[in-house]
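Thanks for coming, everyone. Let me put the model on the screen, and then I'll talk you through it.

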Amino acid sequence: MDDKTNENEPRIGVYVCHCGSNIASVVTPAEVVEYAKDLPGVVISKEHRYMCSDPGQTLIQKDIADYKLDRIVVAACSVAMHEPTFQACIAEAGLNPFMFQMANIREHASWVHSHEKEAATQKAKDIVAGAVAKVTYVTPLQRFEVPVTKRALVIGGGIAGISAALDLADMEVETYMIEKTPTIGGRMAQLDKTFPTMDCSICIEAPKMVDVGKNKHIHLIAYAEVKEVNGYIGNFKVKIERKPRYVLLDRCTGCGLCVEVCPISVPNEFEEGLGPRKAIYVPMAQAVPSIYTIDRDACIECFKCVEACGQLQAIDFAEQSEIIELDVGTIIVATGLDMWDPTEIEEYGFGVYDNVTTMMEIERLHCAGGPTVGEFERPSDRKVPKTLGLIQCVGSRDKRYNEYCSGFCCMYTIKNAMLLKWLYPEMDITIFRIDIRTPGKTYEEFYERAREAGIHFVQGRPAEIREDPVTKNLIVRSDNVNLGRSAEYEFEMVGLSTAAIPSAGSTDLGRVLTVPNDTHGWFLESHPKLKPIDTPTEGIYLAGAAQGPKDIPQSVGQGSGAAGRAARVLSHETWEIDPIVAYVDPERCINATGGKCDLCYRACPYGAVDCRPGSGKATYIVPAKCHGCGTCVAECPQNAITQYHFTDGQILAQMHALLAEKPEEKVLAFTCRWCSGMGADNAGVSHFEYPANTRNLLVMCAGRVDADFVMEAFRLGAGAVLVSGCHPQDCHYIDGRNNAEKRIVRLFGQLEKIGISPNRFRLESVSATEGAKWSRIMRDLSEVVTGMGPEAIKTENETARPHLTKRLQRMAETPGVAEVLHLSESARLAGLKTETEQAMNIAVAQGVQGGQA
Amino acid sequence: MSGTLNPFVVEVQATVGGERVLQCYQCGTCSGSCPVINEMDYGPRRLMHLIQLGHKKEVLTSGDMWYCVSCYSCANRCPRDIPITALMADLRHMALHQGYAHDREAELGQAFVETVNANGRMFEPELMMRYYLRTWDIAGLIGMIPLGIQMLLKGKIPFIAERIKSPQDLDPLCAAPPDSKRAPMSQLSRTLLTLGGGGLVLMGALAGLWFRLNGNKK
Amino acid sequence: MRYAYYPGCSLGKGEQEYDLSMRAVFAKLGIELVELEDWNCCGAVHSDINNPSGAYAMPGRNLALAEAQGFETVITPCSACYKNLRQASKTIAANKSARQTLNASLAEGLELKGNITVLHPLYVLLNEYGLARIKEQVTHPLAGWKVASYYGCMLTRPKDDFDSTERPRGMDDLMRALGAEVIDYHMKAKCCGGALALSHAGVTAQLTGNVLVAAKDAGAEVVSLACPMCHMALDAYQGKAEHALQQSLAMPVVFFTQLLGLALGLERKALGLDRHIVSTSSVR
């Protein structure tokens, strides 16, 4: 124990918790306390029954003052449990909350090694030693603050975007809405009536559309697309391209004289191609803005419209596209959905047979505002069909096309059937389906009404459709599952209930925003249950079908939700950024000297890396966008990147301590903070026992695990090494686990070549609920080590050591690591502290100024 | 996190066609597409459900897989991407070698691979001989005579077997599994097969002679 | 262009017309076909009845032979052989253990190392040779002939890159290029039932009948096809089909290579047109 206060030496306090009998009944706290006293840097070492209790915390705080402690280790439960508790505790006592390390001797020791008390106590000592070693090298970190621009951007003018914008406007947030097509309204505007209430869609939407157009807080920029987004939460810089309408917004009154004289007619997209529009057009009568647009591809430039416009002179063929630059604090993505084209599903004959239509076409055909003024006519002969077949799940729930269920189509087909039954009571309607899904309020009752109305429901997905060449009727061949036999059904017209797909351009927009899209192209939410509106990019939120197919009430709800999430940020002057971020040393980055490396850029799923290969400028990482997975740190072949609070030096210090004694008998397991870490905790909570010769080392993400770490572990003589992360599709940092895989898979062959038995190194995925799996993996690896025996392992390690040492040369020379490896004087530590603080300030400055270093 | 599965399901899942058998959600696209559904006891959809429930005997004693014409319509359209045609082939293998098969098509399959094993290629006279000695389908044989004569007159029937250099190379692929419980051929059939085999060789020799005398090379 | 030619068992005596016309036409077009030495039966639909790995290993032996004999591509006219060889090549390419199992089943010294491409002659003509080139060499256009192309099952299924599985058009495009009038009908890619020809001839007769009736009702005067098993069903079993449907059909059924041969000016006899069961005297 040392009570000299040399400001360059760490002054560590170690506190061993009994946790009642949870820890104390297996691990002997007093032994651990004694052991800790002799660890380098430890000034005080104590035990307590309940560290997290008030008295426990007070003890720590008092000791900080009395002994001038500058770092604390609490040996107790899991980081997931009480790390924040103790961080707050020491912060109260004046220490930086990051000068703290948790040592888990409960979930990782007492709860899983109850049959090996001595070994469990030994393990607890090792864990504490590891924590002490790591905390020796941590540095104080500040959550840094960025200013917030109180302005919001909503991309997409459908019902979700409209809902979000109106809510933001009510909060007096200056809101910009961008819409790709000439008018807002989206899919909802194309609908006739809406389920289950059967109210007229445009009637309930148009007032909101008008509101958006008139609201003094909302700036609507229609016929425009987002081209570039830079910056981060609170500080997005957006470039928007407004496409030329060739009709001037401030002059067009929407009088429509131009349309009357235009000689060109083309299919109207709004009417699903079933009705015409002119080359100069508004998509629909209730368009907002009510401004015309010229489709130059169709236009023959006869200029009759210019003539008709007369004195207003609202038409300008010379108009150019306009780039608008905006600074916004938050972005809401509400780009909606498109309907899938069923031409590909050839057995149904869409596009081949006249009378096979899509459900949206049917929608337009019975809509009073539609191309046939509400007369429901079939395409081939414009007669009202007496029999109608409707087929569900066309392209949905189908591994060949879209695997998911589109959610609203059962309801919307039933709605169309009901509407047609009202309009044409004699029409015989059959719905072919696999299931009927009616999850919303009063949806099931709606389905009951449909059955009462005499609509037939056949369980069976039609195998094929063919056409009677004379009548143009369709013959649908389907297994009738309830009857247990196949049959052919003849209909005068067939409607296909097609899948919902992400709006065209979603993946491109995702790239522009650095928001990931899932495998089907829907924008990816941060957490499917607890954060369905947030995206992994802080400050960007999702609303409506952009996130996944949904109906109108869900879209409206999520729109308001997104406005709320955005308001959270916009209501502050500044926003705090978590400091466990990565930082590039500009002197070590190879791009600074003309190199052309972009490995870190490619590894980052958040677009946090600003990389200019070949430019002579070092790469830098935008702290506000960095989520702290550490993958780039591990990827960098120059070891130029550091992660605060998980530096190479800190991790290696911890590893050295864990493997100091009899490493050949130990299994070293790198676990991620999320799935695997929680899986290991789950094993503890469930008391799935496994042998005590195992040691955990926590990193934020498996992606952080440098191949060098694994090699160093073997160089130090480890018996076996495990790297465990989330299942790849669940990775908390999206791609971290995948990157770990790519990087580490190479190691397998390499290690085997230098003499390490392949079963001594494993790469695994363990989820938070897979405690049993964790325990099994630990048991397996432990058995590998004990099975081979210390001598055999030592021999293999001896053979491998020279090769490993050679390969670890570069790592050994990295600043921050060298000290650890040579257990240097603490004088170097002080220098390190200043260096990293300086680096932090540079990073913040770079981030705020948008990248000009 | 999977629970314990029915042993028949596990057995089917281990085959190439049956990996995703539990995914089938009974949409009926397969049965709706099948051109021979009326010949089958269940049809592919109901057969899939029987597998899912573990009703091994019903599945393997059914005639369904023996009527499958391998048209691939079902597999091509299945929204769960289940390779139903391959599954039917796997069920044929299981039914035959676990002693459940009873259809003439099962005999044809065996006659086919035995012929291929003997020659490396098909030889129709041998195939016919093996097939009819297994099935004793006299009615069928008689029904083939008019066509047989037509084909004979058009020179479409081979008399000499084409052989690859070492037909025994195909043994591992053609031999029945050692633990097969398939119904053995009757003693009578086996005797006639040996005699018939000799007859084929004789026929081939005579045909060869005939061709040589008539100046045709074969 | 030089391809390994895998005729398949049916093209021996039974469906010799296809082999004759295939070789004649490809020679006329200047495409070199070299018969694969020592090729074995692909296994048809029975390849895996005794050993499941036979599904890819029985046809797979031929891929190994093709590689050993210095070829990169094998073409095979029979749809079933084509399906078997092509699927085998795909399985082996995707699955390391499949390749290992195949090689383990092969004789000493024979081993499949790389990937062999398997193509059907129809698509070789359409994609690699080109319709335009064929059209240039047509001397006797099939002017006004009402040709219904019959694809059967395994030419286009399982789904592949060459043609639609439901509404294929490759053979129709070829017929159109030869000057024929293309007859479209909904049974063009439906099963003839050929697989059950021996064990359940009645089923074959019924399915075959359905195809022929549909073609006839759509106005066809001749049916063109690309598979010897389908030909056996539609030609040799046409009598049985007529009996099953209680209807006269009298539909000549020929191979697309024979029609192509005629259009290129080759002799009927050389194309085997006198060997069919149903008279093809109207096909001239």
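Predicted model: local features only at pLDDT ≥ 70, side-chain atom pairs only at ≥ 80, totals over all residues.

Start with chain B. Chain B splits into domain 1, residues 2–97, and domain 2, residues 104–217. Their C-alpha centres sit 31 Å apart. How many residues does each domain bring to the contact? Domain 1 of chain B gives 4 residues, and domain 2 of chain B gives 9 residues.

Now the area. An interface is often sized by the accessible area lost when the parts come together. Between domain 1 and domain 2 of chain B, about 530 Å² is buried. Carbon and sulfur atoms account for 71% of that area. Which residues of domain 1 carry the burial? Look at B:Trp66, B:Leu96 and B:His97. Those three supply 95% of the area that domain 1 of chain B buries against domain 2, more than any other three residues.

What about polar links across this interface? The rule finds 0 salt bridges between domain 1 and domain 2 of chain B. It does find 2 residue pairs in polar contact, both at pLDDT 80 or more. On the side of domain 1 of chain B that touches domain 2, helix 7, residues 84–97, gives the largest share, with 3 residues. By class, that side of domain 1 of chain B has 2 nonpolar, 2 polar and no charged residues.

Next, chain C against chain A. Here 6 residues of chain C are in contact with 9 residues of chain A. The two chains bury about 590 Å² between them. Of that area, 40% lies on carbon and sulfur atoms. On the chain C side, C:Glu166, C:Arg167 and C:His186 lose the most area to chain A. Together they make up 76% of what chain C buries there.

How many salt bridges cross from chain C to chain A? The rule finds 1. A:Glu464 and C:Lys190 meet through their side chains in a salt bridge, at 3.0 Å from N to O. The rule also finds 4 residue pairs in polar contact across the interface of chain C and chain A, both residues at pLDDT 80 or more. By class, the side of chain C that touches chain A has no nonpolar, 3 polar and 3 charged residues.

Now the covalent link. A disulfide is a covalent bond between the sulfur atoms of two cysteines. Over all chains, the count comes to 1 disulfide. Which cysteines form it? A:Cys200 and A:Cys203 do, with their sulfur atoms 2.3 Å apart. The link of A:Cys200 and A:Cys203 is right-handed, with 75 degrees about the S-S bond.

Last, the backbone. Most residues other than glycine have a negative phi, and most peptide bonds are trans. Some spots here depart from that.

A:Met198 has a positive phi, near 60 degrees. A:Met198 sits in the loop between strand 8 (193–194) and strand 9 (199–200) of chain A.

The peptide bond from A:Val288 to A:Pro289 is cis, with omega near -5 degrees. Find A:Pro289 in the loop between strand 15 (280–281) and strand 16 (293–294) of chain A.

In chain C, C:Arg157 and C:Pro158 are joined by a cis peptide bond, with omega about -5 degrees. C:Pro158 lies in the loop between strand 5 (146–150) and helix 6 (170–177) of chain C.

That's the tour.

Definitions and conventions: Residues numbered from 1 in each chain as written. Chains lettered and ligands numbered in written order. Heavy atoms only, no water. Domains from an automatic or database assignment. Contact = heavy atoms within 4.5 Å. Buried area = accessible area lost by both parts, 1.4 Å probe. Salt bridge = Lys/Arg side-chain N within 4 Å of Asp/Glu carboxyl O. Polar contact = N/O pair within 3.5 Å; in protein donor to acceptor, adjacent residues only side chain to side chain. Helix = DSSP H or I, 4+ residues; strand = E, 2+ residues; numbered from the N terminus. Nonpolar A, V, L, I, M, F, W, Y, C, P; charged D, E, K, R; others polar. Disulfide = S-S within 2.5 Å.
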